[in-house]
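Thanks for coming. I have a few minutes on one structure, so please look at it with me.

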Amino acid sequence: MTHTISLTLEETFALAQSSLEERGFSTSQAEAIAESVTIAERDGCSSHGLFRIPFYLNALKNPGCDPKAEPELTVSDSSVVHVDARGGFCPLAVKKGVPELVQKANSQGIAALAVHNCYNIAALWPDVEALAENGLVAFAFTAANAFVAPAGGIKPIYGTNPMAFAWPRPGQPPLVFDQASSASARGEIQLHLRDGKNIPEGWAIDSEGTPTTDPEAALAGAQLTFGGYKGAAIALMIELLAGALIGDLFSYESSERDAHRVGAPFGGEFLLAIDPSHCVPDGNIKAQQARAELLFEKILEQEGTRLPGARRQAARMETKVNGISIPETLHSAILQAGRTT
Ligand code: NDP
C-alpha cells in the first residue's frame with residue numbers, strides 16, 4: 001500500500017517554494033514555479049504538480065541554467081512581445097509577458113508572445129486559461145526534448161510537444177484543452193514507472209522499435225504520437241512554431257544540449273492571443289459566445305460526453321475543500337532534495 005501525506009494547497013505552495021529557495025532559486029522564480037505546481041495539484045494534474053520539483057532542481061545541473069534569472073521583456077510597435085527567460089524557468093517568463101500580450105491583443109486584435117531560452121517543465125493550460133480569463137481566445141505551444149518517434153520511424157526526434165487552447169465563457173471558467181502530441185505525456189510514463197504499473201498499449205516502442213507496455217523500456221525507446229501520422233504532423237508544427245518561427249531550439253537540439261541527461265526541455269514557448277471583438281463582423285461577441293454555449297449544450301446532451309477541462313474543474317472544487325494527497329516517498333524526496341546542496 002502506498003503511504004500518503006495530506007497537504008492543503010497553501011502547504012503545497014510552501015513546500016514547493018521552500019525546497020526551491022533552499023537550493024538557490026530567487027524568490028520570484030521559486031514563487032512562480034510553486035504557483036504553477038500548486039495549480040497543477042489543485043486541478044488534479046499530478047504529473048505537473050509536486051512530482052516535478054525534483055526535475056526543477058535537477059535542471060540546475062545544466063550549465064547555463066540560472067535559478068535566479070530575471071526574464072527580460074522586449075516590447076516594440078510589433079504585435080509580437082518577446083521575453084528572454086535567460087536560462088530561467090517558464091512560469092516566471094510567461095508571467096512577465098502576459099500583461100503586454102493582453103494589451104496588444106486588445107488593441108490590435110491578435111498578438112503573440114515569444115518566450116525564449118527557458119526551461120519548460122510545466123503544463124501549458126494555466127497560460128491559456130489566464131488569457132481567456134481576460135476575454136481572449138488563446139493558444140500555447142512548446143517543444144520539449146527528443147522523446148517521440150516520427151510516423152514510421154523508431155528514433156526519438158520530436159518532443160512530447162503539447163498545445164493548449166482556451167475559449168472565454170461568460171460567467172464560468174474558460175473552456176480549455178491542453179494535450180501532448182504524443183499518445184501520453186512523458187510524466188505519465190514516469191508515474192507508471194514509479195508506481196510499478198505497465199503503460200497502455202500504443203504509448204511507446206522499445207529501442208528496437210517493438211511496441212512495449214514496460215515503462216522503463218518505453219523511456220529508453222521512443223514515445224509514439226497520438227493518432228499516428230496526424231499527431232506527428234501536429235508535433236512537427238509545434239517544432240516549427242516554438243522552434244524555427246521564434247528562433248529557438250528544436251526538441252532534438254534541446255536534447256543535444258542536455259549533456260547531463262537531466263531531461264529538462266530547454267527552448268521556447270509560443271503563445272497566440274485573439275481578442276474576439278475584432279473578429280466578429282458586428283462586434284457582438286456576446287451573441288457568438290451564446291452560440292458557443294449552445295454548441296457545448298448539444299455536445300453534453302449525448303451520454304458519455306464531457307467538455308475538455310471538466311475533470312480539472314471538478315478536481316479544483318474538491319481540492320479547495322479537501323486539499324491533496326501525495327505519496328510519502330515524494331514528500332520525503334522533495335524535503336531531502338531541498339536540503340541537498
Ligand atoms: P490528457 O490526454 O490527459 O488530456 C488532454 C486533454 O483532453 C485535456 O484537456 C483533457 O481535459 C481532455 N480530455 C480528456 N478526456 C476527455 C474526454 N473524455 N472528453 C473531452 N475531453 C477530454 O493530457 P496529455 O497527457 O496529453 O497532457 C498532459 C499535460 O502534459 C498537459 O498539461 C501538457 O501541457 C503537459 N506537457 C508538458 C510538456 C512540457 O514540455 N512542458 C510536454 C508534454 C506535455 P481534462 O484536463 O479535464 O481531463
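First, the ground rules. This is a predicted model, in which local features need pLDDT of at least 70 and side-chain atom pairs count only at pLDDT 80 or more, while totals for chains, interfaces and linings use all residues. Residues are numbered from 1 along each chain as its sequence is written, and side-chain values use heavy atoms, with hydrogens and water left out.

Now the rings. How many aromatic pairs does a search of the whole structure find? The search finds nine. Rings of Phe, Tyr and Trp (for Trp, its six-membered ring) pair if their centres lie within 6.5 Å; planes under 30 degrees apart are stacked, over 60 edge-to-face, and the rest tilted. Take Phe-51 and Phe-55: their ring centres are 5.4 Å apart and their planes are at 55°, so this pair is tilted. Phe-51 is buried, at 10% relative accessible area, and Phe-55 is buried at 18%. For that term, buried means under 20% relative accessible area, exposed means over 50%, and partly exposed is in between, with a 1.4 Å probe and protein chains only.

Phe-139 and Phe-141 make a stacked pair, with 6.3 Å from centre to centre and 5° between the planes. Phe-139 is partly exposed at 26%, whereas Phe-141 is buried at 6%.

Ring pairs also join Phe-25, Tyr-56, Phe-89, Tyr-119 and Phe-266 into a cluster. Phe-266 has a charge over its face as well: Arg-257 lies there, 3.7 Å from the ring centre. The charged end of Arg-186 sits over the ring of Phe-147, at 3.8 Å from the centre. The criterion is NZ of Lys or CZ of Arg within 6 Å of the ring centre and within 35 degrees of the ring normal.

Next, the helices. Two packed helices are described by the angle between their axes and the distance between the axes. The axes of α2 and helix α5 (residues 125-132) come within 11 Å and cross at roughly 90°. α2 and α5 therefore count as roughly perpendicular; the cut-offs are under 35 degrees for roughly parallel, over 145 for roughly antiparallel, 65 to 115 for roughly perpendicular, and oblique for the rest. Axes here are lines fitted to C-alpha atoms, for helices over the stretch in contact, and angles run from 0 to 180 degrees between N-to-C directions. Ile-39, Ala-40 and Arg-42 of α2 meet Trp-125, Pro-126 and Glu-129 of α5. Contact means heavy atoms within 4.5 Å.

Helices (H or I, at least four residues) and strands (E, at least two) are DSSP runs, numbered from the N terminus. Gln-29 also lies in α2, which covers residues 27-42. Is Gln-29 buried or exposed? Gln-29 is buried, at 1%. Beyond neighbours within four places in sequence, the contacts of Gln-29 include Pro-67, Lys-68 and Phe-89.

Last, the loops. Arg-86 has a positive phi, near 50°, and is not a glycine. Arg-86 is in the loop between β3 (80-84) and α4 (90-108), and is partly exposed at 43%. Asn-161, also not a glycine, has a positive phi of about 25°. Asn-161 sits in the loop between β5 (137-142) and β6 (163-169) and is buried, at 0%. Glu-208, in the loop between β8 (204-205) and β9 (211-212), is exposed at 65%.
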